[in-house]
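Reader: Hi! Could you walk me through this model while I have it open?
Author: Happy to, here it comes.

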Amino acid sequence: MPLSTDIHHLPNGLTVLTREVHTAPIATCWIWYKVGGRNERVGISGISHWCEHMLFKGTPTMPKGAFDATIARNGGTFNGFTWIDYTAYYETLPADRLDLGMAIEADRMVNSMFDPAEVASERTVIISEREGNENSPMFWLDEELRSTAFKVHPYRNGVIGWKSDLRAMTREDLYTHYKTYYAPNNAVLVLVGDFNTQQVIERVHELYGPIPAGPPLPEVRGEEPEQQGERRVVVSRPGAAAVVQVAYHAPDARSKDWAALTVLDAVMSGAKSPSLFGGGAQTNRSARLYRSLVEGELAANAGSSFMPTLDPFLFELSATVRPDRTPAEVEQALYIEIEKLQNTAVSAAELAKIQRQMRAQIVYTTERITNQAMMLGMWQTLDSHQRIDTLLDDITAVSAADVQRVAQHYLAPTRRTVGHFIPTAQGSGGAGSATQIAAFSPELHRSKKLWFYTEPAESAPADSTPWRHVLPNGITVLLQRNPSSPTVSVQGEVGLGQMHEAAAQSGLAVFTAAALMRGTANRSFHAITDTTEERGCSVSASAGRHTTSFGAKALSEDLGLVLEILADMLRHPTFPDQEIERLRTQFLTGLKQQEQDTRSMAARAVRELLYPPEHPYSRQPSGSLDTVPGITRADLAGFASRYHPAGTTIAVVGDIDPAAALAAIERWFGDWQGVGEAPSQHIPTVQPPAGAQRREVVIAGKTQSDIVWAVPGVARTDPHYYAAMLGNLVLGQLGLMGRLGENVRDKQGLAYYATSRLDAELGAGPWLISAGVNPASIDQALGGIHEEIESLLESGITEEERSDAVAYLTGSMAIGLEANSGIASMLLGIERYNLGLDYIQRFPAIVGAVTLEEIQAAARQYLHTDRYVLGIAGPDLAVSS
């Protein structure tokens, strides 16, 4: 059923959307500006994205750094992003602090300062972000394809901007752009969550009513002329695999054909989540491109995309070519699938499947209020928020004749632009040398979500108390009812992972897990994907260092079905030869791509230096190009036979009857009997390196270097964990990447990201610091990193920083419990580390009790500026310098 949304209009032109959602004590504030790549021209390409960055640099009343610190100490999350049609900012907070988000956005709508020194510093950050993108072959191909497909329309310039424009743009350019487009008459404010609408609107009038309307907005005059014939581009650079992209000119979101093309996209590669943040079910494996190209052994992966836009954009197809095939073969296979749609009507059964998939994907987006607000704002910016309520009806109204008609019209050869990425010399990815550093002195995107302490909630509804039950065969079952959305998340793990494989068979755990759904004694791979994707749900399995994970995302009505299939996968896999070889090819392609990825190779280098070869933490779980080819079907079957119910935990969260869910688990898993004892989970400890070690990995064709600094860290169950976790939070994560971000990114402008991470698991994983920098700035960035480490060792953190960190951890708990998957993940973590189901209630007191002295002592115990390992991956430093 449609959720009620109110629309309000202020005299100054501001559009306000409000939606009350009382399922959790949280609220989110979004502001959308109708400005992006389409509002730019050559000379100022990338200016909208740069303006977005500058709005985090402060106002007279909230100086630089105060914004992110204030949000953090109030337990919130925040971010901003720019695309071709819009720029958006958001804050998700405890509901009683929503006013903070509204006040921040009102302030920076008109008062952002664009200090010349900050503009100069951010120039290098923006260029660093572009150079990080340039490390991906797909960035080059995508940029070349779009600039060829569009001759006139500003969509040809993308979002990040041409490097020559980024170097030449002035503060006056940026400030003029800001004053032109950041105004209430060009904005949509979206508020969703646990609040009273009347009270919120009164506050909106107080904050935003006095802001005057902006000047008349410049018209976007670049109307793309009709393409007169096929266009082709070829990009040749170092890379791991060839890629084919085909893009067709397609209509905007207000077109009467938008729904039919959305259905066509789903026929090709499954119905997608309508949220920019994803979070839906995987539905591509029963779709046409996967069946014809991947299962047809032409491509390692294949897909399609069609997004809602203000102006006519592109319908795109893409595929990564298998090493034993050619781009021409893959391109032709894509055309064959298009011709099938043009010549033969889609069946009624296939249309019905798409409709069910789309219904499920829409429902999944309602789990998080942040997703709801994102959808409302995006559609109001493009057309009308009411499109969300009519989306499923629009999809259901699409007929087979409509799909055939739009395929014939829009996917015509004259409308297409074809791009091939052709890899040249591979470079020396993976090659490097370790050297001792006598005296090293004058160092990820936004920090990743921190495990666990953003997950718990201070309190849960009375009917949502978690259940814990142990089956007679040893399986631990965790259940929690969450009636906020008619969906369910199943997450489970078996205590068998990479740590239980021999180094000579590296990748065995991951390979085995991926193969579980490729066929069982009762179902083929097709039967599994057809059955689940027909209903808009998905099942999966994967493996990590310690465990094999399995799970499902489904509507609540399909819980029994996905539990039955998951049990079949775990207990009765058959590992069909043909499916195994397809998977092997996909893995090998992925490993080759990983060897061309600077972040992956720098991380691999530090693990190889930090841990001995037989230690499970020394290797990547995905294996290597040396080990994966030798893994046999018998190896896979043997590893799977070691799965044991006594080492298994299953968490089910959603709109469920816990007793009925437990009965279903008992039905499908209750008679599973393991062989012998459950595998042990012992991880050997390691000592810090005797000195500083450095390994450089040269990867040809890269623009930016990624650096990773590491020392051995703490285990999750270590008594020093909470102190180290709080120290790490201040060092490289709180706000915009903590002290490291303030030094390396904000102060010196050397990197787009500079962050730290504490891999506290069953064993002592590494304490990592990562940054992406221009090769010429590596030493300077490393100097900044060491400066912050030494400051932490010598002076610790301040009481204000400790208080902010604790407030962030405790205040943001409810946000982590917004979706079923977050609750299920939290329950698994509680069980894995034997924390007790009352951990949620105890957590604020635990982190609040950690002292400044304990934090400094933990830092001094684990962080060393003279005993560490350093991985650098990127272009040849000798050539770059």
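Author: We can go through a strand, a loop residue, some aromatic rings and some salt bridges.

Reader: Before that, what kind of model is it, and how are residues numbered?
Author: This is a predicted model, with local features needing pLDDT of at least 70 and side-chain atom pairs counting only at pLDDT 80 or more, while totals for chains, interfaces and linings use all residues. Residues are numbered from 1 along each chain as its sequence is written, and side-chain values use heavy atoms, with hydrogens and water left out.

Reader: Great. Is strand S3 buried or exposed?
Author: Buried: 8 of the 8 residues of S3 (residues 26-33) are, so the strand is largely enclosed by the rest of the structure. Buried means under 20% relative accessible area, exposed is over 50%, and partly exposed lies in between (1.4 Å probe, protein chains only). Strands (E, at least two residues) and helices (H or I, at least four) are DSSP runs, numbered from the N terminus.

Reader: Which way do the S3 side chains point?
Author: Ile26, Thr28, Trp30 and Trp32 point one way, while Ala27, Cys29, Ile31 and Tyr33 point the other. In a regular strand the side chains alternate between the two faces of the sheet.

Reader: And which strands does S3 pair with?
Author: S3 pairs in the antiparallel sense with S5 (residues 87-94) over 8 bridges, and also in the antiparallel sense with S6 (residues 187-193) over 7 bridges. Pairing here needs at least two DSSP bridges between the strands. Ile26 has Pro94 as its bridge partner in S5, and Thr28 stands opposite Val192 in S6.

Reader: Switching topic: where is Asn473?
Author: Asn473 is in the loop between strand S13 (467-470) and strand S14 (476-481). With 10% relative accessibility, Asn473 counts as buried.

Reader: Nice. How many aromatic pairs are there?
Author: The structure holds 33. Rings of Phe, Tyr and Trp (its six-membered ring) pair if their centres lie within 6.5 Å; planes under 30 degrees apart count as stacked, over 60 as edge-to-face and the rest as tilted. Trp83 and Tyr86 make a tilted pair, 5.9 Å centre to centre with 45° between the planes. The rings of Tyr155 and Phe313 are 5.2 Å apart at their centres with planes at 80°, so that pair is edge-to-face.

Reader: Which cluster do those rings belong to?
Author: One aromatic cluster includes Trp83, Tyr86, Tyr155 and Phe313, along with Trp30 and Trp32.

Reader: Last one: how many salt bridges?
Author: The count comes to 60, where a salt bridge is a side-chain nitrogen of Lys or Arg within 4 Å of a carboxyl oxygen of Asp or Glu. Glu118 and Lys64 form one, with the closest N and O atoms 3.1 Å apart. Glu118 lies in helix H4 (residues 116-134) and Lys64 in the loop between helix H1 (47-54) and helix H2 (66-73), so the pair ties together parts 54 residues apart in sequence.
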